[in-house]
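Subject: Structure handover

Hello,

I am passing on the structure below, followed by notes on what was found in it. Please read the notes with the structure open.

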Amino acid sequence: MSTAVVTGSGRGIGRAIALRLARDGHAVAVNDVDKAGAEAVAAEIADAGGRSIAAPADVTDRDAVFAMVDRTAGELGSVDVMVANAGIAQVKTILEVTPDDLEKIFGVNVFGVVYCLQAAAERMIAQGHGGKIINAASIAAHSGFDYLGHYSATKFAVRALTQAAAKELAKHQITVNAYCPGIVGTDMWDLIDEKLGAYLGTAKGEALANYSQLIALGRVQTPDDVAGFVSYLAGPDSDYMTGQSVVIDGGIVMT
């Protein structure tokens, strides 16, 4: 049985990915910095008849990430899929961003992805039968967004790391890809909507509604929309795909 680690899966997109991969037949290590959230999603998977463990850890702590991967392999048998989903956003102009802001957002969105990639690749190489590393990027990895400049920078970094790692790990039959969602109905976008209001003079929900008008398919993305694509990346149908950061956003950014 294949085993997947999904970081930041106590809620939102990560939760949807963990539940979908469990339905696909993967054993799932549910990671989140929030222990209660990880345990709740792991229990959901178990209640539905799947195999899971709660694996709380902070992805900005390299040692904790390696320990999480080791524990997953020990308890679930292997690590075959790593979904480095954990991420945070912040709304600020470039002129307002502080050193603390940069350290925090790069710590989760970039350092966390690097640590997950390193720990998973090391384990997959030792196992000797390849694997799949899947990183969370964003439409902001393809087009820098105003008021989200430093967030966009972290996602451009994920795209570069995905390409470089794909080249380095191909000889080990490890593929590395990224998914790039758009406007998803989650707590993160609720926060973005609220903070954008201060800059744009919009009421609660108005910024989200305005940005949603950019979506060709005419509706806000759901976490399950993202999870369906990650299911493909985690499965055998994507075996010949590597180094790609694919936009799945309903038609906002077309590449």
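**Overall build**

The protein chain exposes about 11400 Å², and carbon and sulfur atoms supply 53% of that area. Accessible areas come from the Shrake-Rupley method with a 1.4 Å probe, and for residues only the protein chains shown count as cover. This is a predicted model, in which local features need pLDDT of at least 70 and side-chain atom pairs count only at pLDDT 80 or more, while totals for chains, interfaces and linings use all residues. Residues are numbered from 1 along each chain as its sequence is written, and side-chain values use heavy atoms, with hydrogens and water left out.

The protein chain has eight helices and seven strands. These are DSSP runs numbered from the N terminus: helices are H or I with at least four residues, strands are E with at least two. The radius of gyration, taken over C-alpha atoms, is 17 Å.

Of the 255 residues in the protein chain, 52% are buried. Buried means under 20% relative accessible area, exposed means over 50%, and partly exposed lies in between (1.4 Å probe, protein chains only). Among contacts (heavy atoms within 4.5 Å) between residues at least 6 apart in sequence, 71% join residues at least 24 apart.

**Nonpolar cores**

A nonpolar core here is a set of buried Ala, Val, Leu, Ile, Met, Phe, Trp, Tyr and Cys residues joined through side-chain atoms within 4.5 Å. The largest has 56 residues, of which Val-65, Met-82, Met-124, Ile-133, Leu-169, Val-176 and Ile-183 touch the most other members. At least two residues of this core come from each of strand S2 (27-30), helix H3 (62-76), strand S4 (81-84), helix H4 (99-127), helix H5 (149-169), strand S6 (174-181), H6 and H7. H4 gives the most, with ten residues.

Not counting residues up to four places away in sequence, Val-65 touches Asp-58, Val-59, Tyr-115, Cys-116 and Ala-119. There is also a second, separate core of 29 residues, including Val-28, Ala-42, Ile-45 and Val-230.

Leaving aside neighbours within four places in sequence, His-150 is in contact with Gln-90, Lys-92, Ile-94, Val-97, Asp-101, Leu-102, Ile-105 and Phe-106.

**Aromatic pairs**

The structure holds four aromatic pairs. Rings of Phe, Tyr and Trp (its six-membered ring) pair if their centres lie within 6.5 Å; planes under 30 degrees apart count as stacked, over 60 as edge-to-face and the rest as tilted. Trp-189 and Tyr-211 form a tilted pair, 6.2 Å centre to centre with 55° between the planes. Trp-189 lies in helix H6 (residues 187-200) and Tyr-211 in helix H7 (residues 206-212), so this pair ties together parts that are 22 residues apart in sequence. Trp-189 is buried at 11% relative accessibility, and Tyr-211 is buried at 17%.

The rings of Phe-229 and Tyr-232 make a stacked pair, because their centres are 5.9 Å apart and their planes are at 25°. Both residues lie in helix H8 (residues 223-234), three residues or about one helical turn apart. Phe-229 is buried at 14% relative accessibility, whereas Tyr-232 is partly exposed at 33%.

**Salt bridges**

A salt bridge is a side-chain nitrogen of Lys or Arg within 4 Å of a carboxyl oxygen of Asp or Glu. The count by this rule is nine. In one of them, Lys-35 joins Glu-39, with the closest N and O atoms 2.6 Å apart. Both residues lie in helix H2 (residues 35-47), four residues apart, about one turn of the helix. Glu-39 is partly exposed at 36% relative accessibility.

Arg-123 forms a salt bridge with Asp-70, the closest N and O atoms being 2.8 Å apart. This pair links distant parts of the chain, with Arg-123 in helix H4 and Asp-70 in helix H3, 53 residues apart. Arg-123 is partly exposed at 25% relative accessibility, and Asp-70 is partly exposed at 44%.

Regards

Key: The radius of gyration is taken over C-alpha atoms; the globule rule is 2.2 Å times the number of residues to the power 0.38.
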